[in-house]
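Here is a short briefing on charged residues and a few backbone details. Please have a look at the structure before reading on.

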Amino acid sequence: HKSIRKERRLQHQKKNFLLSVTHELKSPLASINLLLQTIQKRDLTKQQIHDFIGKSLLDIERLDDMVENMLLASKIDNQSYTFPKACFNLSALVDSVVNRLQLNKCDINEQLINAEIEPKIEMTGDKFALTSVVTNLIENAIKYSGPCEVVDVKLYQKDEKIFLEVADHGIGIADAEKDKIFDRFSR
C-alpha cells in the first residue's frame, strides 16, 4: 500500500508538473503569435515593428531557456550530464541574466530588479548549469512577487567565498510545503 500511494503521489505530481510546464510554454507562444499577427495585419511604423520583433525575440529566448532547463533536468535525472567545469566571470553571467529578466512594465519607471553585482568575480564551474540556477531563482522571485515589487539580487565575495542572494517580497512558501520543495515534479 505504501508503494502504491507513493507511486500515485508521484503520478499526481508529474501530472501537475506537465500542466504547469504546458501553461508556461503557452504563454510566450501566445505572446509571439499576437505580436506577429499585429505586425502582419496592421500598418505599423518601422519603430513599432522593431519593438514587436524585439519582444518576440525575448519570448523566444524565454522558451529556449525553458526547453534547456527541461533537457538539463532530464539529463541530470538520468545521470547522463557530466557538469563540465571551466573558469568564467560569474559577475557577467548574473548581470546578463538580470538584464534579460529586467521588467519595465510599471508606470512609475522604477527598477524592478535591484542588482548589486560586485564586478570581476571569477569562478570555476558549469556555466550552463549555473546560468539555469540563477535564471530560475530570479524568475521565481519575479513570478511570485506582486506587480511592480522590487526583487533584490546581490552577488559578492567575502572570505574567498562567493555569495548570491535573491530576495523578493512575495507570498513565500507555506511552512507545510517547505519539506516538499526538492521533491520531483513538486511546484
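Buried means under 20% relative accessible area, exposed means over 50%, and partly exposed lies in between (1.4 Å probe, protein chains only). The model is predicted: local features need pLDDT of at least 70, side-chain atom pairs count only at pLDDT 80 or more, and totals for chains, interfaces and linings use all residues. Residues are numbered from 1 along each chain as its sequence is written, and side-chain values use heavy atoms, with hydrogens and water left out.

**Salt bridges**

- A salt bridge here is a side-chain nitrogen of Lys or Arg within 4 Å of a carboxyl oxygen of Asp or Glu, and the structure holds four of them.
- One of these joins Asp59 to Arg62, with the closest N and O atoms 3.7 Å apart.
- Both Asp59 and Arg62 sit in helix H2 (residues 46-77), three residues apart, about one turn of the helix; helices (H or I, at least four residues) and strands (E, at least two) are DSSP runs numbered from the N terminus.
- Asp59 counts as buried because its relative accessibility is 10%, whereas Arg62, at 29%, is partly exposed.
- Asp175 pairs with Lys178, the closest N and O atoms being 3.1 Å apart.
- With a relative accessible area of 64%, Asp175 is exposed, while Lys178 is partly exposed at 43%.
- Lys180 forms a salt bridge with Glu177, where the closest N and O atoms are 3.9 Å apart.
- Lys180 is partly exposed at 34% relative accessibility, and Glu177 is partly exposed at 36%.

**A buried aspartate without a partner**

- Asp126 is found in the loop between E3 and helix H4 (127-143).
- Asp126 is buried yet has no salt bridge, and the nearest side chain of opposite charge, Lys85, is 9.4 Å away; Lys and Arg count as positive and Asp and Glu as negative, with His and the chain ends not counted.
- The Asp126 side chain does reach the backbone nitrogen of Phe128 at 3.1 Å, and one of its polar atoms lies 3.1 Å from the backbone nitrogen of Ala129.
- Setting aside neighbours within four places in sequence, Asp126 is in contact (heavy atoms within 4.5 Å) with Tyr81, Phe83, Pro84, Lys85 and Phe88.

**Positive phi in loops**

- Lys120 has a positive phi, near 60°, in a residue other than glycine.
- Lys120 lies in the loop between strand E2 (113-117) and strand E3 (122-125), and at 71% relative accessibility Lys120 counts as exposed.
- Asp159, also not a glycine, has a positive phi near 50°.
- The loop between strand E4 (151-158) and strand E5 (161-167) holds Asp159, which is exposed at 68% relative accessibility.

Note on methods:
A polar contact is a pair of N or O atoms within 3.5 Å; within protein, one must be able to donate a hydrogen and the other to accept it, and residues adjacent in sequence count only if both atoms are side-chain atoms.
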